[in-house]
Amino acid sequence: MVTKQQLKGLPEDADLRRADSLAREIFSDVANKWALLIIEALGDRTLRFSELRNEVEGVSHKMLTQNLRMLERNGLVDRRVHPTVPPRVEYTLTEPGRALRTTVDAICGWTHQYLGHIEDARHRFGA
């Protein structure tokens, strides 16, 4: 977490500790499993809705739609509609989305690295 000293000179909306800050709202939006999995699935590719749904196993139509809209609203995903019948809609990460993907990749790497450790801890805990 960022200290008050590090936030000095930044707008109040940059403080994740404040419940009403824009930073907290953005953090809440992108720090959910579906958003992270969508960002990881898109990577450097451009995918259609159905392709994304196939890539992100277990996501419902509704959750994929909601998360794609949220990612687009936050400027992390670009939605392109091609004027065909039926319309062809494609999604790709924007520059900020690609930057966030670096962090998502790190989280995925951490998960892979510590999967066995966490599995062992869960067994000891009785989960």
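Two strands are taken to pair if DSSP finds at least two bridges between them, and it is with this criterion in mind that the sheet of this predicted model can be read. Strand 1 and strand 3 (residues 88-93) run antiparallel and are joined by two bridges; within this pairing, Leu47 stands opposite Tyr91 in strand 3.

The sheet as a whole is open and is formed by three strands in the order 1-3-2, with antiparallel pairing. Strand 1 (47-48) and strand 2 (77-82) stand at the edges and have a single partner strand each, so one side of each is left without a neighbour in the sheet. Across strand 1, strand 2 and strand 3 lies helix 3 (residues 33-42), whose direction makes an angle of about 95 degrees with strand 3.

From the sheet we can turn to the packing of helices. The axes of helix 2 (residues 22-30) and helix 5 (residues 61-73) come within 10 Å of each other and cross at roughly 145 degrees, and the crossing is left-handed. On the side of helix 2 the contact is made by Glu25, Asp29 and Val30, while helix 5 contributes Met70, Leu71 and Arg73. Sorted by class, the residues of this contact comprise three nonpolar and three charged ones, with no polar residue.

Which residue meets Glu25 in a salt bridge? The partner is Arg73, and the N to O distance between the two side chains is 3.7 Å. This pair links distant parts of the chain, since Glu25 belongs to helix 2 and Arg73 to helix 5, 48 residues apart. Under the criterion of a side-chain nitrogen of Lys or Arg within 4 Å of a carboxyl oxygen of Asp or Glu, the count of salt bridges comes to eight.

When neighbours within four places in sequence are left aside, Leu100 is in contact with Val30, Ile39 and Leu76. The C-alpha atoms of Leu100 and Ser21, by comparison, are separated by 19 Å, the two residues being 79 residues apart along the chain.

Finally, an annotation from the record can be set beside the model. UniProt, in an unreviewed entry, lists residues 19-119 as "domain: HTH hxlR-type". Over residues 19-119 the chain is 63% helix and 14% strand, and the C-alpha atoms at the ends of this stretch are 33 Å apart.

Methods: Residues numbered from 1 in each chain as written. Predicted model: local features only at pLDDT ≥ 70, side-chain atom pairs only at ≥ 80, totals over all residues. Heavy atoms only, no water. Axes fitted to C-alpha atoms, helices over the stretch in contact; angles between N-to-C directions. Helix = DSSP H or I, 4+ residues; strand = E, 2+ residues; numbered from the N terminus. Left-handed = near helix turned anticlockwise from the far one by under 90°. Contact = heavy atoms within 4.5 Å. Nonpolar A, V, L, I, M, F, W, Y, C, P; charged D, E, K, R; others polar. UniProt positions renumbered as here; feature names shortened; annotations may be inferred.
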